[in-house]
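The following exercises are intended for a reader who meets this structure for the first time. Each task is followed by a worked solution.

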Amino acid sequence: MGDWASADSRRRLRRRYAADRRLQAYGIIAIGLAIGLLGVLVTSLVITGAPAFVQTKVDLAVYVDPAQVDAEDPAKGNYRILVREALAPFYPADVTDRQKTEIGKILTSDAPYIGRDYVVAHPDSIGKTITLPIAVSDPFDQLHKGVIPKKVDALTWSQVVYYERLQNRGVVVETDGRTSLKLDVFIDPAKVEAGPPLSGDFAAIARDSLQAYLPDVHDTALFAMLADDVPDTIKLRVETDPSLIGKTVQVVFPVAQPVAELAKGETPMVLNPRFSPVQMQAFEAMEEKGIVRTPFNWELFFNADSRFPERAGLAGAITGSFYALLVCLLLSFPIGIAAAIYLEEFAPKNRLTDLIEVNINNLAAVPSVVFGLLGLAVFLGFFGLPRSAPLVGGMVLSLMTLPTIIIATRAALKAVPPSIREAALGIGASKHQVVLHHVLPLAMPGILTGTIIGMAQALGETAPLLLIGMNAFIPSIESMGVLEPATALPTQIYSWADSPERGFVSRTSAAILVLLGFLVVMNMVAVALRHMFERKW
């Protein structure tokens, strides 16, 4: 008793309690860090992908002119002209053909086909005015959602620095209310011919003069700070006094309008170069008329892939994933269960079965790309199965899923109490009857859980599907099948992430959220099935 009450014992006890508290703190910190990082990931995906779940559309009134659409064969009508005529109310006065083409680019390039599909489905609309909800092109979709601005900075950061350096040199002056640069200009005889008429490369002279004040700058943005009439200013000065050729003279260079605004302390802005003034004028007229809206983007789920972000959807990828997982389930579920039952209930315990069990456990940890290489070499190279087909994708995914199902099934079979087997054998049941009629039904909740988790893992695999070419461009799902070229959700995400258009950025995040949603649902189903069929012994 004295030992337990000694100072040394109390000190050791305090250290042990402190170690326990530190261990708990480390565990809480680790869990908090994991939840925090997961929250950051999901939040960033939601913020980035939210714009893809709505789509900017224009409710365009289109007159289906019988002169352009034949009632006998409406599919061959000239719908491009119908769309152009529907945009006529938004044309500015004295519009040119080029400006009409620019305004037409406000709408998606599929606009004529949207009109065609509607008229083919509703032939009674010929000769009537119909209202079609037509998606706008990606730049205007991003503009209306506020993803990209209407105006951008007219000057780059480097141009602002160049202006400040010129200002420090004292060459920035105000003449007649206009900001200018007062520079020493050498009228190079090699670049000027006295004439008559006077000619020469006065733009090069202007560039050389400005370069002399910032000799360390070799950037064309520096010369963009000058007004367009600077060469004419030099030419006029030389025309007035031809004796200046070969001499250095001070010339006042007018600066570009953005630089003049900067000199006044303003922030110079220009129209976003992705839009032309006539396009912006027409789009603003549409907004004022109230025909521009942003409904929920059902096309994201029901449209197939497209080269245009505003028309691209996940229907082809979802269908391809469904077929691949169906093949995977039909192969891996019965084979995995049969293999697990044999190894657990019937196989003799020897070196061969031990080797098989070790290899199964090792296969569960093999990188998925190895299975893709196996499928590429065996299924495509040796057997000659069709490339990009869900059949091959499902077979590759089943190879990857089999170890998971076998391990989960064996664990579920082991969890069944031995008394169940003994009772069945005691009333005269055979070994097969014991396993199939008693043990397997009781192990089914654990088997289903392992199978669904394996399917969820297969759903998110990208590398093996890329290796067998299951990233085909699918513009329509009507002809999709187990033996037809297809894509899947992970490979669709990979393709969109590699696309240069800005609209695919949000669609990539949205597709990731859809994939995560499927994974969450599958795991929730696994948990629900376990709770529904679980039995306590």
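**Exercise 1.** Where is the place of Gln-68? Determine also whether Gln-68 is buried, exposed or partly exposed.

*Solution.* The model under study is a predicted one.
Step 1. Gln-68 is found in the loop between strand E1 (57-63) and helix H3 (79-86).
Step 2. The relative accessible area of Gln-68 is 23%. Buried means under 20% and exposed means over 50%, so Gln-68 is partly exposed.
Step 3. Gln-68 and Gly-127 are 59 residues apart along the chain, and their C-alpha atoms are separated by 10.0 Å.

**Exercise 2.** Describe the open sheet that contains strand E4, and state which strands stand at its edges.

*Solution.*
Step 1. The open sheet is formed by 3 strands in the order E4-E5-E8, with antiparallel pairing.
Step 2. Strand E4 (172-175) and strand E8 (248-254) each have a single partner strand, so both stand at the edges, and one side of each is left without a neighbour in the sheet.
Step 3. On average, neighbouring strands of this sheet are turned by 45° against each other, direction ignored.
Step 4. E4 and strand E5 (residues 178-186) run antiparallel and are joined by 4 bridges. Within this pairing, Val-172 stands opposite Leu-181 in E5.

**Exercise 3.** How many residues does helix H8 have, and which of them are buried?

*Solution.*
Step 1. Helix H8 (residues 202-213) has 12 residues.
Step 2. From first C-alpha to last, H8 reaches 18 Å, which is close to the 16 Å expected at 1.5 Å a residue.
Step 3. The buried residues of H8 are Phe-202, Ala-204, Ile-205, Ala-206, Ser-209, Leu-210, Gln-211 and Tyr-213.

**Exercise 4.** Which residues make the nonpolar surface patch of about 320 Å²?

*Solution.*
Step 1. The patch is made by Leu-38, Leu-41, Val-42 and Val-46.
Step 2. One of these residues, Leu-38, lies in helix H2 (residues 7-49).

**Exercise 5.** The structure holds 17 salt bridges. Examine the salt bridges Asp-8 with Arg-12, Asp-229 with Arg-178, and Glu-345 with Arg-421. For each, give the distance between the closest N and O atoms and the exposure of the partners.

*Solution.*
Step 1. In the salt bridge of Asp-8 with Arg-12, the closest N and O atoms are 2.1 Å apart. The two residues are 4 residues apart in helix H2, so about one helical turn separates them. Asp-8 is partly exposed, with a relative accessible area of 34%, and Arg-12 is partly exposed, with 43%.
Step 2. In the salt bridge of Asp-229 with Arg-178, the closest N and O atoms are 4.0 Å apart. This pair links distant parts of the chain, 51 residues apart: Asp-229 is in the loop between helix H9 (220-223) and helix H10 (230-240), and Arg-178 is in strand E5. Asp-229 counts as partly exposed at 29% relative accessibility, as does Arg-178 at 39%.
Step 3. In the salt bridge of Glu-345 with Arg-421, the closest N and O atoms are 2.8 Å apart. This pair also links distant parts of the chain: Glu-345 is in helix H14 (residues 315-346) and Arg-421 is in helix H18 (residues 418-426), 76 residues apart. Both Glu-345 and Arg-421 are buried.
Step 4. Salt bridges that share partners join Asp-8, Arg-11 and Arg-12 into one network.

Key
Residues are numbered from 1 along each chain as its sequence is written. This is a predicted model: local features need pLDDT of at least 70, side-chain atom pairs count only at pLDDT 80 or more; totals for chains, interfaces and linings use all residues. Side-chain values use heavy atoms; hydrogens and water are left out. The expected span of a helix is 1.5 Å times one less than its number of residues. Buried means under 20% relative accessible area, exposed over 50%, partly exposed in between (1.4 Å probe, protein chains only). Patches are made of residues with over 30% relative accessible area and no salt bridge: like charges are joined within 9 Å, nonpolar side chains (Val, Leu, Ile, Met, Phe, Trp, Tyr) within 5 Å. Accessible areas come from the Shrake-Rupley method with a 1.4 Å probe; for residues, only the protein chains shown count as cover. A salt bridge is a side-chain nitrogen of Lys or Arg within 4 Å of a carboxyl oxygen of Asp or Glu. Two strands pair if DSSP finds at least two bridges between them. Axes are lines fitted to C-alpha atoms, for helices over the stretch in contact, and angles run from 0 to 180 degrees between N-to-C directions.
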